[in-house]
Amino acid sequence: MATRPATGAHTVLVEDKQLYGLGGAAVKHLVVTIPTAKVIHLFTDRYFTGQAILDYLVSRNVYLTGTVMTNRTDGVTECFPKDTCMERGSSVSRRHEDGKACLVKWKDKKSVLLLSSTFGIKPEGSCKRWTKEQRQRVDVRQPAIVRSYNTYMGGVDIWTD
């Protein structure tokens, strides 16, 4: 009798779910198939992004950039300014003690949190956004991490050097 591939609740290890969360455990399970001879850049959404999985991926020569939930930032976001204190186009960042990760909060219409082992705020670019007050499209400052995420994100996307 042929064995079926692992699917569902038992696809990832329980220990990995506890350490990385379900999304991070799924990323760890899938990244095993990626050869690590080249540098790989992985872009994910907030369900798959966190500091623990980022640290694991960096050890495998895979660099992660993605939106991240506040509860997966180890309390770093508490020192960020509140959304109401930020103007559109402003950003703030914190680098992890080991220098392997950068957490960025960028305010567009709403704020967004991004975590990356590759990108940060610099070089800062701009993007066009509509404003009701001026009734036209205006330039808004945009960090490099946001520009890269928007360029490569479309589901889970892999970029190799």
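Reader: How many helices and strands are there in the protein chain?
Author: This is a predicted model, in which local features need pLDDT of at least 70, side-chain atom pairs count only at pLDDT 80 or more, and totals for chains, interfaces and linings use all residues. Residues are numbered from 1 along each chain as its sequence is written, and side-chain values use heavy atoms, without hydrogens or water. Elements are DSSP runs numbered from the N terminus: helices are H or I with at least four residues, strands are E with at least two. The count for the protein chain is three helices and eight strands.

Reader: In what order do the elements of the protein chain run?
Author: Start at the N terminus and read onward. The elements of the protein chain then run α-β-α-β-β-β-β-β-β-α-β.

Reader: What share of the residues in the protein chain is buried?
Author: Buried means under 20% relative accessible area, exposed over 50%, and partly exposed in between, with a 1.4 Å probe and protein chains only. The protein chain has 161 residues. Of these, the buried share is 39%.

Reader: What share of the contacts with a separation of 6 or more joins residues 24 or more positions apart?
Author: A contact means heavy atoms within 4.5 Å. Take the contacts in the protein chain with a separation of 6 or more. Those between residues 24 or more positions apart account for 48%.

Reader: Which residues touch the most other members of the largest nonpolar core?
Author: A nonpolar core is a set of buried Ala, Val, Leu, Ile, Met, Phe, Trp, Tyr and Cys residues joined through side-chain atoms within 4.5 Å. The largest one has 21 residues. The members that touch the most others are Ile53 and Leu57.

Reader: Which residues does a second, separate core include?
Author: This separate core has 13 residues. Its members include Leu114, Cys127, Val140 and Ile145.

Reader: Is Ile53 buried or exposed?
Author: Ile53 sits in helix 2, residues 51-59. Its relative accessible area is 1%, so Ile53 is buried.

Reader: Which residues is Ile53 in contact with, leaving aside neighbours within four places in sequence?
Author: Asp16 is 37 residues from Ile53 in sequence, yet their C-alpha atoms are 9.5 Å apart in space. The contacts of Ile53 beyond its sequence neighbours are Tyr20, Gly24, Val27, Lys28, Phe48 and Leu64.

Reader: Why does Ser117 count as buried?
Author: Ser117 lies in the loop between strand 5 (111-116) and strand 6 (125-131). Ser117 counts as buried because its relative accessibility is 16%.

Reader: Which residues does Ser117 touch, not counting those up to four places away in sequence?
Author: Leave out residues up to four places away in sequence. Ser117 then touches Leu54, Val58, Tyr63, Leu64, Lys100 and Ala101.

Reader: How far apart in space are Ser117 and Arg95, C-alpha to C-alpha?
Author: In sequence, Ser117 and Arg95 are 22 residues apart. In space, from C-alpha to C-alpha, the distance is 9.6 Å.
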